[in-house]
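User: Could you walk me through this structure and explain the terms as you go?
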Amino acid sequence: MIDIRPGDTGDIAAVLGLFDRAVEWLVARGQTGQWGDRPWTGDAARTALVERLAASGGLRVAVLDGAVVGAVSLGSAPAYVPPATVSELYVEALVTDRSHKGEGIGGALLRRAREEAAAQGVVRLRVDCWAGADGELVRYYESQGYVRDTEFVVADHPRGPWHGQVLVLPLS
């Protein structure tokens with residue numbers, strides 16, 4: 001059974017490891033457009049990002065048999081997407097251990113995000129994701145109840161133009 005608990009700075013190494021394994025999995029599939037081809041561990045900017053997420057109060061980690069197998073962070077929309085027009089929480093990051101692919105870890109984390117957003121009284125959750133690989137990740141979020149909103153391009157991305165999709169989950 002998956003346990004989801006608040007994450008904190010003690011989870012930084014585990015979350016960096018999740019990103020490292022996700023990058024390794026993506027590289028093996030020939031999909032370097034999402035997060036590149038290098039581990040997050042040892043990258044100063046990516047480590048700083050995970051440190052910020054861990055200190056933000058919005059990090060939640062999924063634990064299975066004592067190991068961190070997934071993480072989601074809730075906060076505010078990044079500058080590269082249109083600003084919020086209603087009250088919302090933004091899924092800043094979602095990553096799961098690819099060795100547990102298909103076990104529902106990402107879905108459980110997104111359900112927790114939805115529950116927390118509803119408890120805070122916001123009217124929607126938003127997320128953005130890489131729109132490459134024939135939209136596979138976009139379709140994943142759609143399978144979780146999100147609907148497509150805005151497409152965007154981060155033109156000054158270090159690896160060249162990065163194509164993304166914003167998705168919305170309205171909360172009743």
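Analyst: Happy to! A nonpolar core is a set of buried Ala, Val, Leu, Ile, Met, Phe, Trp, Tyr and Cys residues joined through side-chain atoms within 4.5 Å, where buried means under 20% relative accessible area (1.4 Å probe, protein chains only). This is a predicted model, where local features need pLDDT of at least 70, side-chain atom pairs count only at pLDDT 80 or more, and totals for chains, interfaces and linings use all residues. Residues are numbered from 1 along each chain as its sequence is written, and side-chain values use heavy atoms, without hydrogens and water.

User: Which residues touch the most other members of the largest nonpolar core?

Analyst: Val91, Leu94, Leu109, Leu125, Tyr141, Tyr146 and Leu167 do, out of 25 residues. Helix α3 gives the largest share, 6 residues.

User: What is leucine 109 in contact with, beyond its neighbours within four places in sequence?

Analyst: Its partners include Ile4, Arg60, Val72, Leu94 and Thr96; contact means heavy atoms within 4.5 Å. Another core, of 20 residues, lies apart from the largest one, with Trp40 and Leu53 among its members.

User: Why is α1 called oblique to α2?

Analyst: Helix α1 (residues 12-28) and helix α2 (residues 44-55) pack at about 125°, with axes 10 Å apart. Angles under 35 degrees count as roughly parallel, over 145 as roughly antiparallel, 65 to 115 as roughly perpendicular and the rest as oblique. That makes α1 oblique to α2.

User: Which residues of α1 meet α2?

Analyst: Ile12, Val15, Leu16 and Phe19 of α1 meet α2 residues including Val50 and Ala54.

How values were computed:
Axes fitted to C-alpha atoms, helices over the stretch in contact; angles between N-to-C directions. Helix = DSSP H or I, 4+ residues; strand = E, 2+ residues; numbered from the N terminus. Buried < 20%, exposed > 50% of the residue type's maximum accessible area, 1.4 Å probe, protein only.
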